[in-house]
Protein chains: 4
Amino acid sequence: MNELTILIQCSDDVGLVTKITQVLAKHSLNIVSMNEYVDTFNKRFFTRIACTGNDLKAASFKVEMLQKLPKEASIRIIEKQLKRIAVLVTKEYHCLGDILVRNQFETLGAKVACVIGNYEYLKELTHQFGIPYFHISHLEKDKQTFENEIQQIIDPLNVDFIVLAKFMRILSPEFVATYVQKIINIHHSFLPAFIGANPYKQAFERGVKIIGATAHFVTNNLDEGPIITQHTASVDHTYGVKEMIRQGRETEKAVLLEALRLVFEDRVFISGNKTIVFK
Amino acid sequence: MNELTILIQCSDDVGLVTKITQVLAKHSLNIVSMNEYVDTFNKRFFTRIACTGNDLKAASFKVEMLQKLPKEASIRIIEKQLKRIAVLVTKEYHCLGDILVRNQFETLGAKVACVIGNYEYLKELTHQFGIPYFHISHLEKDKQTFENEIQQIIDPLNVDFIVLAKFMRILSPEFVATYVQKIINIHHSFLPAFIGANPYKQAFERGVKIIGATAHFVTNNLDEGPIITQHTASVDHTYGVKEMIRQGRETEKAVLLEALRLVFEDRVFISGNKTIVFK
Amino acid sequence: MNELTILIQCSDDVGLVTKITQVLAKHSLNIVSMNEYVDTFNKRFFTRIACTGNDLKAASFKVEMLQKLPKEASIRIIEKQLKRIAVLVTKEYHCLGDILVRNQFETLGAKVACVIGNYEYLKELTHQFGIPYFHISHLEKDKQTFENEIQQIIDPLNVDFIVLAKFMRILSPEFVATYVQKIINIHHSFLPAFIGANPYKQAFERGVKIIGATAHFVTNNLDEGPIITQHTASVDHTYGVKEMIRQGRETEKAVLLEALRLVFEDRVFISGNKTIVFK
Amino acid sequence: MNELTILIQCSDDVGLVTKITQVLAKHSLNIVSMNEYVDTFNKRFFTRIACTGNDLKAASFKVEMLQKLPKEASIRIIEKQLKRIAVLVTKEYHCLGDILVRNQFETLGAKVACVIGNYEYLKELTHQFGIPYFHISHLEKDKQTFENEIQQIIDPLNVDFIVLAKFMRILSPEFVATYVQKIINIHHSFLPAFIGANPYKQAFERGVKIIGATAHFVTNNLDEGPIITQHTASVDHTYGVKEMIRQGRETEKAVLLEALRLVFEDRVFISGNKTIVFK
């Protein structure tokens with residue numbers, strides 16, 4: 001028995017669920033779980049169906065289903081296999097460390113194809129896990145050259161996602177446009193609060209009682225991409241910037257890894273600047 | 001346009017969703033939202049469908065749907081109208097107060113038909129809101145008499161649910177059997193921790209760092225009914241029993257009111273000793 | 001035995017705790033609890049001391065203590081008695097309802113002297129609790145007149161705090177300056193995110209996965225006063241603006257009431273634009 | 001300038017803070033932060049003082065302070081240096097992985113002297129970090145022999161704490177008595193709920209809506225030692241045992257690492273079967 005995950009989004013219409021499930025039934029696919037959501041504001045329909053069956057020929061029923069759905073329908077049929085990712089880092093180890101440990105014990109839901117860092121700080125850690133580390137410095141070169149060097153590493157590796165695990169360089173619109181809906185970032189604040197640099201310093205100066213972190217897809221609008229998940233943590237007046245950063249790291253790590261799990265399990269739709277997440 | 005909520009549970013089978021949605025489509029019912037869950041362990045299927053349509057004749061399509069589903073299928077078709085409830089209390093005001101305020105502003109999702117207390121403490125509060133209060137003392141009478149008096153008030157009022165809003169008497173199996181899946185309790189602990197009396201004293205003595213509260217349906221096994229929702233709150237060594245009770249009240253109130261909303265919106269299935277909650 | 005709470009803040013210095021406790025010992029005051037915090041960034045010292053003693057003559061040891069502390073030291077000696085408050089509201093009932101219920105059962109930590117509303121919506125609710133309600137419309141008059149009318153009600157009542165329980169008018173700098181560190185507001189967002197109007201609409205449009213609420217002291221910088229406490233709650237793609245508002249109300253109510261408790265128990269210092277909260 | 005942390009607990013008495021701070025002032029020690037708590041139920045006093053000074057001669061002022069405090073007073077004067085720990089594991093990698101990563105980047109607050117496992121599963125991971133791993137099987141030997149072998153490794157290493165990072169063997173009272181207040185365990189449930197084996201299976205069968213994890217000191221009463229910290233996480237009907245375990249691992253890891261930080265920063269007092277934690 002094989003397993004498939006089917007993701008469909010299209011404009012909403014009467015009878016969509018019936019049409020979809022009829023096609024599945026005809027092909028003797030058994031629905032294991034089904035999530036469905038209608039965005040009534042934008043009149044869009046989303047469904048995630050996990051199913052099992054013998055001799056799954058994705059291609060054949062995809063055509064059949066497309067014929068029954070509204071013209072602009074998007075269907076993704078995903079066979080169960082590990083996603084492949086590249087991880088981009090700068091100096092901070094906490095997110096990368098967690099990714100590498102899970103990767104080794106095969107609980108990440110993806111395979112780390114490589115780590116790319118704009119410094120050498122995390123080379124040793126990466127090598128301890130037997131993963132290739134590429135040091136691409138951003139110094140003494142323009143952004144385009146820097147990003148070209150990154151692309152030359154990533155592209156042959158055939159990755160599904162690029163994970164910015166505390167990568168502190170802003171990517172150009174051109175780079176982002178090359179990997180649409182494929183770049184996932186962890187932002188060290190509860191967006192949209194404290195957009196930009198030094199969010200923990202901003203949080204300290206404002207005297208907030210809660211800090212947060214946000215995992216999101218990267219778009220050309222910095223810090224404005226579709227949010228996948230957010231967590232918060234309580235702080236108090238005894239927290240200086242240093243303590244906020246310490247607490248923030250725990251939150252960042254937890255949020256990023258939860259977001260990665262959701263994405264790698266194909267539970268996240270992007271719709272405009274938002275996500276639909278079937279947990 | 002009328003609104004219906006349809007709740008179905010039955011043994012799992014191939015094509016259930018198709019069969020169900022076909023019947024809906026035939027009757028020109030438009031699905032507004034649909035939740036579906038298969039308990040693969042017990043091989044049971046649950047769905048909650050909110051739909052709209054003209055001239056809904058529940059009776060007709062219920063028969064039709066039953067014919068297509070496994071024999072033991074349970075179908076509930078619920079027209080949109082306020083639930084009616086009786087609230088049972090003892091001395092503590094916090095849950096009742098919140099219920100009465102929401103009832104008055106029509107955000108409870110139900111209409112409070114009456115409040116019954118085994119003391120007179122909460123009579124004045126109830127009367128301030130123009131709601132009937134019945135003082136049924138448990139003193140100097142046996143439990144059966146006490147409960148008969150309660151039943152004689154409740155039964156003519158035709159209530160959908162009985163809410164135990166810090167009602168501190170244990171109901172007899174006979175009483176519970178009369179109102180199956182209709183009695184909702186707030187238990188002042190994070191069940192199954194601290195079952196029984198004085199949970200905050202138990203929590204204090206154990207030195208826990210988190211306390212909780214649990215809203216659940218009442219069954220004959222005291223504190224063992226299906227859990228609807230639970231919340232927790234942090235405490236520390238500075239909390240004595242009194243402070244735990246104070247914090248606990250906040251948690252109890254929030255949990256009970258969330259559970260009531262979920263139940264009154266027909267989002268909760270009971271399956272064995274568990275609930276399926278479609279949030 | 002009487003109870004006193006002593007709040008001291010001054011520039012930090014060596015031996016402050018010793019000096020303070022010596023004065024207390026000399027006057028046979030027994031320390032029940034003591035919180036102390038040094039803001040090392042601004043070199044300021046804060047302490048909250050709860051103590052008991054016979055025949056407390058606050059005046060005498062206040063002078064003695066001032067002589068031993070840095071010149072700019074601020075000392076507040078607070079005898080245990082209920083604070084008095086005025087509550088300002090507009091249309092939403094949820095915070096006011098909770099305040100009135102607690103006020104009646106004497107668990108608010110303060111006595112509600114009156115409720116002032118710029119509409120009549122909440123008059124009936126307030127009267128049900130036997131509390132005076134003043135309807136001061138903001139319509140067809142300038143802000144100064146409107147605020148003068150409010151002041152004329154508040155001032156004779158000798159209140160300690162003015163609680164803005166979803167009061168949707170912006171107060172003038174003149175009004176705020178009249179009640180420095182005495183006005184507490186609940187803001188319906190996780191400040192500094194979504195400053196300004198319609199924060200839940202903003203949150204919906206941004207697609208956040210967590211919303212929040214913030215209780216803060218009011219200063220002339222709108223939404224920028226010292227934060228007392230914040231809470232957050234998870235939301236997801238199924239939440240429209242309406243559901244965010246519904247969830248937000250739960251959060252607002254919980255946050256405001258927690259902040260009020262902390263303030264009424266004299267646990268909150270204001271220092272610049274931040275608070276020190278001794279929980 | 002050197003840094004000292006001073007931990008004092010004794011029976012409560014009038015003027016303790018004054019006496020203590022006078023001794024510190026006499027030795028020109030500057031208080032950086034001071035936490036103080038009186039357990040009024042048991043009439044015990046606890047304080048944690050972080051201070052700085054030149055030429056700290058701990059021995060001299062410890063004697064002086066003891067003379068001024070109640071006879072049974074316990075004073076610990078701790079110079080700032082990394083704690084040393086041994087980590088005991090069985091098969092699960094998630095807590096150990098996090099400990100090893102932090103250890104390498106010197107953010108653990110302690111130095112891992114060795115890892116001991118009753119299987120070989122985690123040997124490779126440990127060796128990747130250059131840390132000694134000792135495989136001590138519990139098979140085909142009695143518990144005393146097994147524990148003797150562990151002790152022979154631990155004792156020469158002069159460790160401050162033994163961390164049970166998902167070590168699934170129950171330690172004998174003799175072993176525990178050898179390392180009083182030195183063994184820290186992560187229990188995979190929200191104690192006291194689900195004591196014993198398979199807590200996630202118990203949680204699944206009970207249908208709880210929240211699961212948790214508990215870090216505690218180990219005493220002879222299994223699962224009954226003083227609790228240091230607890231976290232909880234929401235689950236729902238879609239969580240089978242496997243998903244609860246997956247979520248539980250996130251919680252276990254976060255709780256254990258928080259507890260370790262608190263212990264390694266000397267913020268935790270044990271008092272009877274409870275802890276006082278100065279965060």
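User: What makes the span of helix α8 of chain D close to the one expected?

Analyst: In this predicted model, α8(D) covers residues 241-264, 24 residues in number, and reaches 33 Å from its first C-alpha to its last. Just after α8(D), D:Asp266 takes a positive phi of about 60°.

User: Why is the pair A:Arg206 and C:Glu224 called a salt bridge?

Analyst: The term asks for a side-chain nitrogen of Lys or Arg within 4 Å of a carboxyl oxygen of Asp or Glu; the closest N and O atoms of A:Arg206 and C:Glu224 are 3.4 Å apart, and therefore the pair qualifies. The rule finds two salt bridges across the interface of chain A and chain C.

User: How do you know how many residues of chain A are in contact with chain C?

Analyst: Contact means heavy atoms within 4.5 Å, and by that rule 30 residues of chain A are in contact with 30 residues of chain C. Of the elements of chain A, β11(A) gives the most to this side, with six residues.

Residues are numbered from 1 along each chain as written, while chains are lettered from A and ligands numbered from 1 in written order. Local features need pLDDT of at least 70 and side-chain atom pairs 80 or more, whereas totals for chains, interfaces and linings use all residues, and side-chain values use heavy atoms, leaving out hydrogens and water.

Terms used: Helix = DSSP H or I, 4+ residues; strand = E, 2+ residues; numbered from the N terminus. Expected span 1.5 Å × (residues − 1).
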